[in-house]
Amino acid sequence: MKTKLSFVIPCYGSEHTISSVVDEIKATVKTREDRYDYEIILVSDHSPDNVFSVIEELAKNDKHITGVELARNFGQHSAILAGFHNITGDIVVCLDDDGQTPANQMFKLIDCLDDECDVVFARYESKKHSLFRNFGSYINDLMARYLIDKPKELKIMSYFACKRYVADEVVRYRNPYPYMSGLLLRATKNIKNVTIEHRDRLEGESGYSLNKLLSLWVNGFTSFSVKPLRAATFIGCTSSVVGFIYGIYIIINKLINPATPLGYSSMMAAFLFIGGVMMIMLGIIGEYVGRIYISLNEAPQYVVRRKVSYDASSGKKGEKEQ
């Protein structure tokens, strides 16, 4: 019996590249067609170009392809979850739509899935991202290491393969702020890296702006860790101790040397510092409370507008409005 592979690809601004990615997947799976069957789930994250028209055409002509269009832009991680909800395979492979994650090396990841490994992430010796994107990835790695207990040596990338039970655990998450790294690390600790090449983009630029990167980081530390709140407590306690010691120093100094003038500037600096720290801590607490409120209101992770797939009975695509 063949093992079925489910490929999940979030699509945004990839009207001219997604066909090449799909063709590479099909050609690579064909090299082991005696062992593997496959399906490809293409999720358009309300892309501003005509990528869903391309997806529709691909689904119309290939029974292995399913297209999903989201009603608005929910972000890459929500789009991946939308794809995970539509898989039927035994192994899930997630990759990008711009050609940077080489589909022809997928079996390097898949072959590492065994009794001791449930998730395999690609690791790149030389990343072809822009300096800004590489900086964002570095900050994301630091955050994952210190806030969600990612092992230091483990590299987390958007190109990974996982077993079906891991994907089933991931889709149990119902809150509106998904963060795939946190979800995968929460599901299992049996994770490895495999080194593969990283290509240049076939076309265009990364869709991650500074605002989107900041939103991703906030999702990570508010959805899967309470360490920022503990850090707030620690900083508050440290500031209080420093202020107390400084107060004692001022009193002793005034007793020893009564001519010492009272320092208006130092007092204002202390007030501004303490006030700034308090506002930052209140902001962190407010972020948690706000996200709890939105989650209690059951804000959706994503909304599917349309879903298209091949209709075997008529040889045409089937389309469903949501």
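**View 1. Glutamate 24 and its contacts.** Glutamate 24 touches Pro102, Ala103, Asn104 and Arg199, leaving aside residues up to four places away in sequence. The model shown here, and in every view below, is predicted. Glutamate 24 sits in helix 1. Its relative accessibility is 18%, so glutamate 24 counts as buried. The cut-off for buried is under 20%.

**View 2. The largest nonpolar core.** This core has 39 residues. Phe7, Ile25 and Leu42 have the most contacts inside it. Several elements give two or more residues to the core, among them strand 1 (3-11), helix 1 (18-30), strand 2 (36-44) and helix 2 (51-61). Others on that list include strand 4 (91-94), helix 4 (106-110), strand 5 (119-124) and strand 7 (191-196). Helix 2 supplies the largest share, 6 residues. In soluble globular proteins, nonpolar side chains tend to be buried together.

View 3. What does phenylalanine 7 touch? Its contacts include Ile25, Val29, Tyr38, Glu39, Ile40 and Ile41. Val93, Leu95 and Met106 are also touched by phenylalanine 7. Residues up to four places away in sequence are not counted. A second, separate core has 37 residues. Val43, Ile156, Phe160 and Val170 are included in this second core.

View 4. Cysteine 117 is buried, at 0% relative accessible area. Cysteine 162 is buried too, with a relative accessible area of 0%.

**View 5. A nonpolar patch on the surface.** Isoleucine 245 has 52% relative accessibility, so it counts as exposed. Isoleucine 245 belongs to a nonpolar surface patch of about 860 Å². Val241, Phe244, Ile248, Ile251, Ile252, Leu255 and Ile256 make up the rest of the patch.

View 6. The model has 10 salt bridges. Glutamate 39 forms one of them with lysine 4, and the closest N and O atoms are 3.7 Å apart. This pair links distant parts of the chain, 35 residues apart: glutamate 39 is in strand 2, lysine 4 in strand 1. Glutamate 39 is buried, at 9% relative accessible area. Lysine 4 is partly exposed, at 23%. Aspartate 62 and lysine 26 meet in another salt bridge, 3.1 Å from N to O. Aspartate 62 lies in the loop between helix 2 and strand 3 (65-70) and lysine 26 in helix 1, so the pair ties together parts 36 residues apart in sequence. Aspartate 62 is buried, at 8%, whereas lysine 26 is partly exposed, at 30%.

**View 7. A network of salt bridges.** Glu56, Glu69, Arg305 and Arg306 are linked in this network. Within it, the side chains of glutamate 69 and arginine 305 meet at 3.0 Å, N to O. Glutamate 69 lies in strand 3 and arginine 305 in strand 8 (residues 304-311), so their bridge ties together parts 236 residues apart in sequence. Is glutamate 69 buried or exposed? Glutamate 69 counts as buried, at 11% relative accessibility. Arginine 305 is partly exposed, at 37% relative accessible area.

Note on methods. Residues numbered from 1 in each chain as written. Predicted model: local features only at pLDDT ≥ 70, side-chain atom pairs only at ≥ 80, totals over all residues. Heavy atoms only, no water. Core = buried A, V, L, I, M, F, W, Y, C linked by side-chain atoms within 4.5 Å. Buried < 20%, exposed > 50% of the residue type's maximum accessible area, 1.4 Å probe, protein only. Helix = DSSP H or I, 4+ residues; strand = E, 2+ residues; numbered from the N terminus. Contact = heavy atoms within 4.5 Å. Patch = residues over 30% accessible without salt bridge, like charges linked within 9 Å, V, L, I, M, F, W, Y side chains within 5 Å. Areas by Shrake-Rupley, 256 points an atom, 1.4 Å probe, with all protein chains shown as cover. Salt bridge = Lys/Arg side-chain N within 4 Å of Asp/Glu carboxyl O.
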